[in-house]
Amino acid sequence: MQLSRRALGILAASACAVAALSPPLAAQDKGTIYYFIPTLLDEFQTESQKAVEALVGGLGYKVVSLDAQNEADRQLRQVEDAILTKPVAMIMNAVDFDAIVPGVEKARAAGIKVLNFDRQIRTTEFELTSVAGTVEIGQLAAGAAIDLLKQRHGSVKGKVLQILGDPGDNYTLDIQQGFEEVMAREAPEVEIVTKAALQWEATNAGKIFEDQLLVTQDIDLVFCHAAHLTVPIVGIMEAKGMKPGDIMMMASNGAPVGLDNIRKGWQQAEIEQPTYAQVYGLAMFLPKILKGEALQPGTYDVMGLQSELTIEAWGPNLKIPGAVITKDNVDDPRFWGNLNAPTGPVTVVE
Amino acid sequence: MWAILALIILVCSLTIEHFFQIGIFINILQHATFVGLLAIGLSFCIIAGHMDLSIESVMAFAAMLAAWLTATRGSPLGLQVNTWLTLAIVLGFGALVGLINAILVVRLRINAFIVTLAMYIALRGLGLILTGGRSMYGLPADFRFVAANEALGLPLLIWILVGAYVIFGVILRRTRFGRYVYLVGGNPVAPFRAGIDVPRVLFKVFILSAVLAAFAGWLLAARTNGATPNLGVGMLFEAFAAVVIGGVSLRGGVGALSGVFAGVLLLSTIDTAINVMGLDASYMQVVRGLLMLLAVLLDSAKTAAQRRYG
């Protein structure tokens, strides 16, 4: 292959630009910890990255974050590459619960401590898993939906449009499972229409809502599995002359847009996934894990949330409770949707 | 393809409760706006013998840029720039991307597939930097006017979509530039020997494709009242599917925008049908794929029958 001088010039300039953009090598006091992020096209994940880099970095480790761009195989390759750099630990936030298992096992076989963030993976062992419990978030959402429907009708009845994220994503399926379990048990008269916004793309959620308005005119409540899916829905409601509360709405990840919707009345509830506390939970146990000491089961205070550490077949499991955000508590700085990422220092468990 | 579209609509109307109503047909058209605009630019590129994989990212980045300049919430700037100025900036951005694509493909003779794929990836990354991974929303009312209002009983977006297909259909079929696009895509050597400025035609095609994508992004921001970091993901494949279903040959030189429009509407019809039928979410993509396959098979059967029986 022959390249022209101009093409070579562009290549050289690009190489210089890449070199200029590369961060300088930071001091590695206590070693490197990798944080594997499934995607950066999601506010929850970008906030988790900020929190990991602040809290774990604050403990004296060099944190390297790698974005898998929602590709399970890319993430597996990233893990395999990272193993060769001999980090002291890895924090796994998996794209796919199963696809990542070979990478986790390979890392642990190489003596690297692997911590699991936000994914309830039961098929392999971790040094610690920190989760909010996605099924539990669905259950919390069901409780909020029941309250809202009761307020509107005087009894628990009506119609809910549930908009999932991508139907291939375990996260949304777990929320659906938790939500529908509780609704079937405690609100059997409520009709649930379930649709999926492919690839978590907000425009798809808008299309679903607009189409459903034509076929089911009596929707009481829209439940989106992520707050960003509500953005076009609010736009459509406004365009159709609806007022806040004409159709109630709730979402389930606690993103800033959901909290803003609550302040403006478009949303009645948001189920917070406690991102900051989940990261904090990992950081507070990290030194103990790296010393090779066993974690003790019990109740721990994680950023003011009473969280339960249990020893499971897949290792220690820290479950942090989610919260229902309403107009009464929307300004609580603890909610990640208010974007006050904790900066530390972390009170570590001795 | 129009006959197949009519057949699919008929089947959906007869078999899906609530499908046969004016509101559904309006939704089908309105929802087709963004993929429809992308498909116009892509058709020009493919007919001219090239690819433009960057259109989805151009559209998404344009929407993010518009939201970044105007959104009241989520944008670090909070500038609330004038709507028309935003449109000019967004279209200028599109033109710049198209120009860069054209320079790399036409002047430096780098494969268009690679160039536009690289642009696709880079712009997604730039969008991430611009938004910081956050949603930006709360656009001014005059920005959203185009997505929230109607003319003669139809949403403005539909008029824009139909207008774009009419205008660019005429350009492609009835102007010298359109004829050159076909000639260049059919055989780039012959038009060169006939004195046609092939690089100039290709520059125009790449710029047109990117500007249309940027315009689609501006409209998408208006429609969604902002921009999310993953906005428009998957629309490139839908645009490609619409173009191919619509009869544009991937080898270049063949195709018409009327067929592409039918392809766009077919995909939008399938999506809407899935949205209104009581279908388990996990079966959604299977049904979508099968219906697309069915439409193409029916079209092939129709073409074969026409050849055989005249």
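This is a predicted model: local features need pLDDT of at least 70, side-chain atom pairs count only at pLDDT 80 or more; totals for chains, interfaces and linings use all residues.

A: The crossing in which helix 4 of chain B passes helix 5 of chain B is right-handed. On the side of helix 4 of chain B, the residues that take part are B:V58, B:A62, B:L65, B:A66, B:L69 and B:T70, and they meet B:T86, B:I89, B:V90, B:F93, B:G94 and B:V97 in helix 5 of chain B. Sorted by class, the residues of this contact between helix 4 and helix 5 of chain B are nine nonpolar and three polar, with no charged ones.

Helix 12 (residues 235–245) and helix 13 (residues 257–276) of chain B have axes that come within 7 Å and cross at roughly 130°, so helix 12 of chain B and helix 13 of chain B are oblique to each other. Here too the crossing is right-handed, as helix 12 of chain B passes helix 13 of chain B. From helix 12 of chain B, the residues B:E238, B:A241, B:A242, B:V243 and B:I245 meet B:V260, B:G263, B:V264, B:L266 and B:L267 of helix 13 of chain B. The contact of helix 12 with helix 13 of chain B has eight nonpolar residues, one polar residue and one charged residue.

Turning to chain A, there is an open sheet of six strands in the order 7-6-8-9-10-14, and its pairing is mixed. Strand 7 (190–196) and strand 14 (323–325) of chain A are the edge strands, each of which pairs on one side only. From one strand to the next, the twist averages 20°. Within this sheet, strand 6 (residues 158–164) and strand 7 of chain A pair in the parallel sense over seven bridges, and A:Q162 has A:T194 in strand 7 of chain A as its bridge partner. Helix 5 (residues 134–153) of chain A packs on the sheet, where it touches strands including strand 8 (221–224), strand 9 (248–251) and strand 10 (269–272) of chain A, and its direction makes about 165° with that of strand 10 of chain A.

Definitions and conventions:
Residues are numbered from 1 along each chain as its sequence is written. Chains are lettered from A and ligands numbered from 1 in the order in which they are written. Axes are lines fitted to C-alpha atoms, for helices over the stretch in contact, and angles run from 0 to 180 degrees between N-to-C directions. Helices (H or I, at least four residues) and strands (E, at least two) are DSSP runs, numbered from the N terminus. Angles under 35 degrees count as roughly parallel, over 145 as roughly antiparallel, 65 to 115 as roughly perpendicular and the rest as oblique. A crossing is left-handed if the near helix is turned anticlockwise from the far one by less than a right angle, and right-handed if clockwise. Two residues are in contact if their C-beta atoms, placed from the backbone, lie within 7 Å. Ala, Val, Leu, Ile, Met, Phe, Trp, Tyr, Cys and Pro count as nonpolar, Asp, Glu, Lys and Arg as charged, and the others, Gly among them, as polar. Two strands pair if DSSP finds at least two bridges between them.
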